[in-house]
Amino acid sequence: VTASTPAGQPVFVGVFAAPAGFGRELELSGVKVFAQATAPVTVVPHLCRGGSVGVTTDPLPFCNEIVPTEGATLEPGDEIILEVVGEDPGQVTLDRIRVAYREGFRWATQRAGQPAVVTIL
């Protein structure tokens, strides 16, 4: 996934979608993001309920609701999106996210989704 955005303007990047046939509900305890950047940036994971985002500056038209990932339940049709914003020009390379979750009695942390590159103009 590649994206670009002006400095100071957040961009939202979809990195992991639970398809309609996912067949599981995961109780998220957190999403860890690993990033390398040439300038200071802020990266915040969100859960897009009932929607899908590629790259956008406004995810609301594509999601029924946007909620924090911590403590949320990932269900079929949901997507984890990353909000990336930086005040100075640069480039951010985002590795695959790590999702910590609980399913029934099992707890796990797994890599998920797509890597991304965001250019801040």
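Start by selecting Glu-103 and Arg-24: the two form a salt bridge, with their closest N and O atoms 2.7 Å apart. (A salt bridge here is a side-chain nitrogen of Lys or Arg within 4 Å of a carboxyl oxygen of Asp or Glu.) Glu-103 sits in strand 11 (residues 97-103) and Arg-24 in the loop between strand 2 (11-17) and strand 3 (26-32), so the pair ties together parts 79 residues apart in sequence. Strands are DSSP runs of E, at least two residues, numbered from the N terminus.

This is a predicted model: local features need pLDDT of at least 70, side-chain atom pairs count only at pLDDT 80 or more, and totals for chains, interfaces and linings use all residues. Residues are numbered from 1 along each chain as its sequence is written, and side-chain values use heavy atoms, without hydrogens and water.

Shared partners join Arg-24, Glu-103 and Arg-106 into one network. Arg-106 counts as exposed at 52% relative accessibility; Glu-103, at 21%, is partly exposed. (Exposed means over 50% relative accessible area, buried under 20%, partly exposed in between, with a 1.4 Å probe and protein chains only.)

Now move to Asp-78, in the loop between strand 8 (73-74) and strand 9 (79-86). Asp-78 is buried, at 4% relative accessibility. Select Arg-49 too: Asp-78 forms a salt bridge with Arg-49, closest N and O atoms 3.1 Å apart. Both residues are buried.

Finally, show backbone nitrogens. That of Gly-50 lies 2.9 Å from a polar atom of the Asp-78 side chain. For Glu-75, the backbone nitrogen lies 3.0 Å from a polar atom of the Asp-78 side chain.

Notes: Helices (H or I, at least four residues) and strands (E, at least two) are DSSP runs, numbered from the N terminus. A polar contact is a pair of N or O atoms within 3.5 Å; within protein, one must be able to donate a hydrogen and the other to accept it, and residues adjacent in sequence count only if both atoms are side-chain atoms.
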